[in-house]
Structures are given as C-alpha cells and as structure tokens.
Amino acid sequence: MQADDRDDLSFARQLSDGEPVAVLRFEARYRRVIHHAFGRACARWRPEVPVEAEDYVQDFVGFLFDDGGRRLRSYAGRASFGSWLYTVALRYFQRALSRLAKDRRSGAILTELPDRGDRNPEALAAAALDAERLRDAVSQLSAEDQLHVRLFFVEGQNASEVARTLGKGASAVRMRKMRILERLRSLLESLEDES
C-alpha cells in the first residue's frame, strides 16, 4: 500500500467520523466528482422531466453519511478515494434515474395495454396479438437471455434470486436484465412496424 492509499484510507475514516477538516476537504475536492457522476448518469438515462442536480447530489451525500458513515467506512483503499467515490456515486445516480425511467416506461406501457376485464372480441384479439408479438420477440433472444426472461418474468424471481440460481453477481444480473428489456423493446417496435 502506497502513502497516498494510506492517506485516502485515513481521510475516509476521518470523513466517516465527521471530522470538520475532512468534511471541508471533501466539499472542496470531491463535490465536483459527484456532480460529474450525476452528469454521466443523466446522459445514460436522459430523464424527460427536469431534475435538479443539486438535490440528487445532496441526497447522495446524505446516503454516504447515513448510518454513522457506514458507507464511507466501506472504503477499503483498493483504489483512490476519488475513483471509489465516483463509482459509488455513478451507481447511486444510475439506480435513481433508472427508477424514473422505469416508472415512466411502466406507466406508458400500462396505458397501452387492453383492459383484462374487458371481454369484448376486439380487446381479446388485441391481447392475443400482443402476447404473440411478445413470444416472437423473446424467441429472437439468445438462449441465456431467454432463461433470464423466464426466471424474472415467469417465475417472478428478483435479481438476487436469479443471481443465486445462475451463480452470478446480482449487479451483473441487473445490468443483463436492463439490456434484455432494451432489446425486447427494440424487437417489439420492429415487429410493430412490420405489421
């Protein structure tokens, strides 16, 4: 471990303890790192509604110091403190903004679905056509992606359960799910254009 690494580790401990000099150094030196991570997450998720960067940044800082600085104490010095902070911030903002995108997409999808209680022939035909398009889209996925679809959407497993089932990390499984959903959305749009 190099001297800089020890300094970062010591700094993270002081910061988790709320020492004023460490907090001032954090504000002066690392607040812009957090803002940059927020900007990168916004570029990825492109929220349609205006989002206040400072609100999200402040929420993240609260997240870091929550529970007596537990997250700050999780810094183990394997990377520079700035790199570790950037990674943690990027993940935090991506989760927060992806929830906004998911809520928006879920709402849009729900408004387009036919009412299941409606038993008129047109609604039943539309539901059957939607189900057929979805089956066609899923059949175009790789076998491993189809397995993920089955575990998530047929068996109703969450990311941690799917990760245990497949012997993978939960974060990798979550990322795979997002990629699969994007691919399905694209396939469904192309199938819609063909009909």
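These are my notebook entries on one predicted protein model.

**Entry 1: ground rules.** I number residues from 1 along each chain as its sequence is written, and for side-chain values I use heavy atoms, leaving out hydrogens and water. Since I am reading a predicted model, local features need pLDDT of at least 70 and side-chain atom pairs count only at pLDDT 80 or more, while totals for chains, interfaces and linings use all residues.

**Entry 2: the whole chain.** I looked up the secondary structure and found 8 helices and 0 strands. Helices (H or I, at least four residues) and strands (E, at least two) are DSSP runs, numbered from the N terminus. Along the sequence I read the pattern α-α-α-α-α-α-α-α. I then checked burial, where buried means under 20% relative accessible area, exposed over 50%, and partly exposed in between (1.4 Å probe, protein chains only). Buried residues are 30% of the 195 in the chain. For the accessible surface I have about 12500 Å², with 51% of it belonging to carbon and sulfur atoms; the areas come from the Shrake-Rupley method with a 1.4 Å probe, and for residues only the protein chains shown count as cover. I also looked at contacts (heavy atoms within 4.5 Å). Of those in the chain with a separation of 6 or more, 64% are between residues 24 or more positions apart.

**Entry 3: the cores.** A nonpolar core is a set of buried Ala, Val, Leu, Ile, Met, Phe, Trp, Tyr and Cys residues joined through side-chain atoms within 4.5 Å. The largest has 30 residues, and Phe-26, Phe-60, Phe-81, Leu-85 and Phe-93 have the most contacts inside it. H2 gives the most, with 10 residues. Another core, of 8 residues, lies apart from it and includes Val-138, Val-149, Ile-180 and Leu-191.

Entry 4: I set aside the neighbours of Phe-81 within four places in sequence and listed its remaining contacts, among them Asp-8, Phe-11, Phe-26, Tyr-30 and Leu-72. Next I turned to Trp-45, which is found in helix H2. Is Trp-45 buried or exposed? Trp-45 counts as buried because its relative accessibility is 7%. The C-alpha atoms of Trp-45 and Gln-94 are 7.4 Å apart, although 49 residues separate the two along the chain.

**Entry 5: salt bridges.** I counted a salt bridge where a side-chain nitrogen of Lys or Arg is within 4 Å of a carboxyl oxygen of Asp or Glu. The count is 7. In one of them the side chains of Arg-31 and Glu-54 meet at 3.0 Å, N to O. The pair links distant parts of the chain, Arg-31 being in helix H2 and Glu-54 in helix H3, 23 residues apart. Arg-31 is buried at 13% relative accessibility, whereas Glu-54 is partly exposed at 39%. Asp-67 and Arg-70 also form a bridge (2.9 Å, N to O); both lie in helix H3, 3 residues apart, about one turn of the helix.

**Entry 6: around H6.** In helix H6 (residues 143-154) I found Asp-145, His-148, Val-149, Leu-151 and Phe-152 buried. Asp-145 has a relative accessible area of 14%. Arg-176 forms a salt bridge with Asp-145, with the closest N and O atoms 2.7 Å apart. Arg-176 lies in helix H8 (residues 170-194) and Asp-145 in H6, so the pair ties together parts 31 residues apart in sequence. Glu-144, Asp-145, Lys-168 and Arg-176 are linked in a network of salt bridges. Just after H6, Gly-156 takes a positive phi of about 70°.
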